[in-house]
Each structure stands twice: as C-alpha cells, then as structure tokens.
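Dear colleague,

Please find below the structure that I am handing over to you, followed by an account of what was found in it.

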Amino acid sequence: MQAFTYQLKEYKEFKVVLRGMPADMSPQEIMDDLFSLGISPSYCHPPAASTPGIINDLLKFFRNRPRCYILGDFNLKHRSWNPTGNSTGGFQLFNFARNCGFCIIAQTEPTRIPSHHNARPSVVDFAISSGLSNITAESMFDLSSDHNPVLFTFTPDFNFSYSYNCTTFTNWNKFQLLLHSSVPGNPTINSEEDIDSAISILTEKIYASINQSSITKHIKHQITFIPLSPPE
C-alpha cells in the first residue's frame, strides 16, 4: 500500500545560495542581515572552503607539533567514515591523511540529520590527529540542531603514536630580504604609545616575513639537523 505526503506552499522551505559574500563573514552575521530585511532563515550553512585550502591549513596546524588533533565540521565525505557516500574533497582529504600518516577519527552514527526527506544522514563532523591514536568518537542525540554533538574521548598513550611529523623549513636569506624591505627604517618615537605601536608593527612584520619565507613538509623519518659550529 503506497502512501504520499503533501506540504502546503506556505510551509515549504526554500534553499537559497548567496554568491559574492566575503569569505570571512560569519553565518550569524548573514542571518542578522536577513532578519533586518524581514527574511527569517532557519539555518545558514557556512561557506565551504576548498579542500586544498583545508589541507594547507592542516599542515600549518600540525607543523612542529608531534602530538595534535583537530576536530570540527569538515563537510567532507568518504566511505571510510561516511557510509552513505563520497565527495571529491573527501577523497582528497583521505589520500592526504593516508600519505602523511594522520589518523581520521569518526563515529559510526551520523552527525548531520537533514530536515529534507530526500537527503540522507551523513558523517561530516570528525577529527584528524597527528601522533595520537587512542581517541574514540560518539555521536550524541541530545540537541534539536541538524548537527549532532560529538563526544571525543582521549586517553594519553604515546607508546603507539604515529612517527610522522610536520616540520617547517625557513629560508632565512629570504626572510632577511623581506624584513628589510617591509621595515623602512627607525620609527619616530615621542611617547610610550609610540614605543608600543612600533613594537607591535615590528612583531607583525617579523611573523609575516617568516610565514612568507617558510614551507611545511611532512617527514616520515627522524629529522637530523646539522649542528652549529662552535664559536672560535
């Protein structure tokens, strides 16, 4: 026996894509602006970041940190953690984690329960760890949101940690050139506020020059650094 459901037009939800929005604009700001225009959105999904951008950010987080893990809504799918399907970004993240020796920790229950009947539940909230393997995840059905909270349980056990590591290599000659070109000379100092401002600006220039002069690589062997020559 077949059965059908019907929904009145005034109760039907519409999906709208807003293009040209600033990448750093939060979903709450977008919802507030829509409310001011008389539009009442039920949910505003954050803009999807590109997978290469996510991978570069992960390398920055993991560099020089032998034990670290990152968790959140990655909005990426792969059958190794999401049984209902794959996505192109999910394949890229899976291959990246496998090649670097990182561990993806996900639960078996779905973390996102869509409100539309034609959409399938999925696992898009999980964690990625470097140097930590004894982590379990459990999806909790406690809130009314379409994203279920996830409980991660971490037990310190470093005997079976991954040996891979992300290390930063800095071209110090390039760093000196960038810093020299970005700092024109001695600033004018007339007060304590000028001193604090000059220190803050110099610190920002140093960090910016280091970031532009450095690259991050994942290393699968023990790193050996050449010792400095003793002073004569």
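In what follows, helices and strands are DSSP runs, of at least four residues (H or I) and at least two residues (E) respectively, numbered from the N terminus. Please note that the model is a predicted one.

I begin with the loop that joins β1 (68–73) to α3 (88–100), where Asn-75 is found. The phi of Asn-75 is near 55°, a positive value in a residue that is not glycine. Most residues other than glycine have a negative phi. Asn-75 counts as partly exposed because its relative accessibility is 32%.

β1 also belongs to an open sheet of 3 strands, in the order β1-β3-β2 and with antiparallel pairing. β1 and β2 (103–105) each have a single partner strand and so stand at the edges, with one side of each left without a neighbour in the sheet. From one strand to the next, the twist averages 20°. The antiparallel pairing of β2 with β3 (residues 125–130) runs over 3 bridges, and Cys-103 stands opposite Ser-129 in β3. Helix α2 (residues 51–62) packs on this sheet and touches β1 and β3, its direction making about 145° with that of β1.

A further loop, between β4 (135–139) and β5 (150–154), contains Phe-141. With a relative accessibility of 54%, Phe-141 counts as exposed. Leaving aside neighbours within four places in sequence, Phe-141 is in contact with Glu-109, Pro-110 and Asn-148. The C-alpha atoms of Phe-141 and Thr-111 are 8.8 Å apart, while the two residues are 30 residues apart in sequence.

With kind regards

Conventions
Residues are numbered from 1 along each chain as its sequence is written. This is a predicted model: local features need pLDDT of at least 70, side-chain atom pairs count only at pLDDT 80 or more; totals for chains, interfaces and linings use all residues. Side-chain values use heavy atoms; hydrogens and water are left out. Buried means under 20% relative accessible area, exposed over 50%, partly exposed in between (1.4 Å probe, protein chains only). Contact means heavy atoms within 4.5 Å. Two strands pair if DSSP finds at least two bridges between them. Axes are lines fitted to C-alpha atoms, for helices over the stretch in contact, and angles run from 0 to 180 degrees between N-to-C directions.
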